[in-house]
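Please go through the assignments for this predicted model with me. I would like each label set against the cut-off behind it.

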Amino acid sequence: MESGETAVDVKVINLLQKKYGLNRDWLMDGKGNMRSNDTRKKTGLMGTIEMGDRIDKLTTEMLILTKNLNNAWQIIERHEKEIDRQVKEIEKLKDGSR
């Protein structure tokens, strides 16, 4: 088959296309890209570069979320301190009116 002395069976082409994500046109006549455009969809795999990009994006999002969470805790602590201060003032006012 590789040397062109034997015809390639359609079943073999289908198998190569499915298993390795090869382009049917490329297998038949050498034209076009070697890989099918929908290889990722069929196999459910993504390239290493794409995976790295997604990890970088998720890492950045996690850092942002962590920073926002820390900011939220700081706001809560400030409000808690202010509430405590106001409660003490109210208690003083109550004690002074007795």
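Q: Which pattern does the chain follow along the sequence?
A: The pattern reads α-α-α-α, with four helices and zero strands in the chain.

Q: Why is Gln17 called buried?
A: Buried means under 20% relative accessible area, and Gln17 has 16% relative accessibility, so the label applies. Gln17 lies in helix H1.

Q: How do you know that the side chains of Gln17 and Arg24 make a polar contact?
A: The limit for a pair of N or O atoms is 3.5 Å, and the contact between these two side chains is listed at 3.1 Å.

Q: Why does Asn23 count as buried?
A: Because the cut-off is under 20% and the relative accessible area of Asn23 is 17%, Asn23 is buried. Asn23 is found in the loop between helix H1 (10-20) and helix H2 (24-29).

Q: Which residues is Asn23 in contact with, leaving aside its neighbours within four places in sequence?
A: With those neighbours set aside, Asn23 is in contact with Gly32, Asn33, Met34, Arg35 and Ser36, where contact means heavy atoms within 4.5 Å.

Terms used
Residues are numbered from 1 along each chain as its sequence is written. This is a predicted model: local features need pLDDT of at least 70, side-chain atom pairs count only at pLDDT 80 or more; totals for chains, interfaces and linings use all residues. Side-chain values use heavy atoms; hydrogens and water are left out. Helices (H or I, at least four residues) and strands (E, at least two) are DSSP runs, numbered from the N terminus. Buried means under 20% relative accessible area, exposed over 50%, partly exposed in between (1.4 Å probe, protein chains only). A polar contact is a pair of N or O atoms within 3.5 Å; within protein, one must be able to donate a hydrogen and the other to accept it, and residues adjacent in sequence count only if both atoms are side-chain atoms.
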